[in-house]
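Please keep the sequence and the 3D view at hand while reading.

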Amino acid sequence: MPRALFSVSDKTGITEFAHALLTYGWEIVASGGTRKTLEESGVPVTSVEGITGQPEMLGGRVKTLHPAIHSGILARDNEADLREIESFGFAPISMVVCNLYPFVEAALTDNVDLSGAIEQIDIGGVTMLRAAAKNFQRVITICDPDDYVQIMGALHEVGRIDMARRRELAVKAFAHTRDYDAAIHAYLCESGLPIPESTGLPESISISMLRSNELRYGENPHQSAAYYSSRVSDSPLGAAQLGGKQLSYNNILDVDAAWRAVSGFSEPTVVIVKHLNPTGIASAGSIAQAYPQALASDPVSAFGGIIAVNREVDETFVAALEALFVEAVIAPSFSDEALGQLRDRRKNCRVLQIADPYGASGLEIRSVMGGMLLQTIDMGDPPEVVMRTVTARVPLDAELQSLRFAWKAVQHVKSNAIVLAHGRRTVGIGGGLPSRVDAVELAVKKAGDEVTSAVMASDAFFPFPDGIESAARAGVTCVIQPGGSIRDAQVIEAADYYDMAMIFTGGRHFRH
């Protein structure tokens with residue numbers, strides 16, 4: 001009589017499956033709560049204690065960790081192994097039905113402390129699954145209740161599970177334990193435990209994410225998509241969605257870009273983003289004052305954009321939006337009046353509350369063919385950056401204020417990136433172009449009449465003087481850029497020729 005070992009946390013379908021195995025001539029062995037569930041449904045069960053001769057220990061922490069169990073699972077289908085375990089009074093186990101303590105569901109919620117999470121770390125179950133999956137040529141390994149019906153069907157029709165299916169089940173079991181261990185590793189790394197300091201990126205990474213939101217589609221309707229979260233969350237990006245339609249794949253990307261950009265400013269600031277690029281950024285005494293200035297930077301592109309602010313949204317700000325179609329508004333908080341107006345008058349606009357500013361800690365991860373790229377997050381100049389004037393003319397105080405604002409703004413524009421600014425507002429942005437001089441010309445076009453006496457920021461050095469010359473002829477008076485080109489001398493010469501002031505920062509901010 002073949003023997004099946006049951007030890008499951010998720011008991012979905014377990015009694016029906018056990019009853020079916022009995023009709024096919026299997027003996028059922030079970031532990032703890034699984035045994036109780038099966039017995040209550042009328043399934044005759046041999047307890048694990050009856051096999052091992054030992055009671056459960058340490059409040060159930062030790063149940064199946066015994067040679068009677070693991071030699072029965074690991075014995076190969078040869079005479080020597082089977083004779084050896086028989087000499088100890090043990091018998092082969094031909095099926096392991098096991099799924100693990102719900103660590104991901106329990107430990108990654110906000111109300112579970114470290115000790116509670118540790119209790120959800122399964123030891124015996126992982127060991128049984130790995131042992132069974134290793135020995136899949138003899139042992140059937142089942143870790144997913146969704147597989148019960150197919151297994152019952154195969155046993156009913158042909159009386160066995162073929163080798164290809166055994167191997168598939170083993171692969172599934174190893175994936176189950178892999179993801180389980182990754183979740184534990186990720187949790188402990190964030191739990192406040194002492195972690196060895198490292199001066200570089202990790203040698204290996206563990207990523208544990210829960211699918212928290214099914215999305216209608218990806219970037220395009222023919223692409224499937226979902227949002228995965230590092231913690232149990234009802235809303236992407238840790239935001240509380242207070243109104244509007246479900247976020248789309250593209251919305252989430254734009255919200256992330258907008259919140260990242262506005263988090264870089266300490267004064268009241270408005271950032272408008274479209275397709276991951278800012279169309280306008282402005283700082284003022286209040287966000288209601290900053291909004292029309294940000295909009296004026298590119299009112300055409302702002303249609304259907306994402307607006308992020310770093311102060312509470314009140315009814316004055318909502319009124320300033322007027323008739324502009326907005327996909328989403330993101331803020332640290334909303335007044336009751338403002339929230340009511342947004343819900344009543346902009347039913348499709350996503351209203352998102354994000355309490356914490358975008359942080360520079362952690363890593364950025366991007367997928368590429370066959371692997372991933374990791375880097376630390378760029379949220380501004382490193383401490384060693386020192387700005388220096390490299391032209392004959394030194395910026396005036398008012399120009400210097402504008403340059404500093406433009407330099408902060410350009411860091412959030414896709415490369416090649418150019419920002420033109422007056423005071424604390426952008427007037428023209430050119431980004432995402434393969435040619436830097438084209439980016440300058442686009443920013444100049446967007447600025448229109450505002451280009452006169454504007455300052456210009458570039459996320460990376462000018463490889464040729466043409467970008468400087470084009471800006472100067474349009475009316476730009478000052479430039480801030482990293483420097484570092486082999487033609488820096490020619491670029492400086494061009495700036496001096498046009499009586500422009502230029503600052504080198506020594507650090508670039510590519511954003512691909």
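## Aromatic pairs

Rings of Phe, Tyr and Trp (for Trp, its six-membered ring) are taken to pair if their centres lie within 6.5 Å, with planes under 30 degrees apart counted as stacked, over 60 as edge-to-face and the rest as tilted. F17 and Y148 are both buried, where buried means under 20% relative accessible area, exposed over 50% and partly exposed in between, with a 1.4 Å probe and protein chains only.

The pair formed by Y497 and Y498 is edge-to-face, because the ring centres are 5.0 Å apart and the planes stand at 85 degrees. Y497 is exposed, at 68% relative accessible area, while Y498 is partly exposed, at 31%.

## Basis of the model

The model is predicted, so local features need pLDDT of at least 70 and side-chain atom pairs count only at pLDDT 80 or more, whereas totals for chains, interfaces and linings use all residues. Residues are numbered from 1 along each chain as its sequence is written, and side-chain values use heavy atoms, with hydrogens and water left out.

## Arginine 165

R165 lies in helix 10 (residues 163–189) and counts as buried, with a relative accessibility of 14%. Its side chain is joined to that of E168 by a polar contact of 3.1 Å, that is, a pair of N or O atoms within 3.5 Å, of which, within protein, one must be able to donate a hydrogen and the other to accept it, residues adjacent in sequence counting only if both atoms are side-chain atoms. With neighbours within four places in sequence set aside, R165 is in contact (heavy atoms within 4.5 Å) with D147, Q150 and I151.

## Nonpolar cores

A nonpolar core is a set of buried Ala, Val, Leu, Ile, Met, Phe, Trp, Tyr and Cys residues joined through side-chain atoms within 4.5 Å. The largest has 39 residues, and V255, I330 and V419 have the most contacts inside it. Helix 11 (residues 249–262) contributes the most to this core, with seven residues. Apart from it lies another core, of 28 residues, including I51, C98, L100 and A133.

Note on methods
Helix = DSSP H or I, 4+ residues; strand = E, 2+ residues; numbered from the N terminus.
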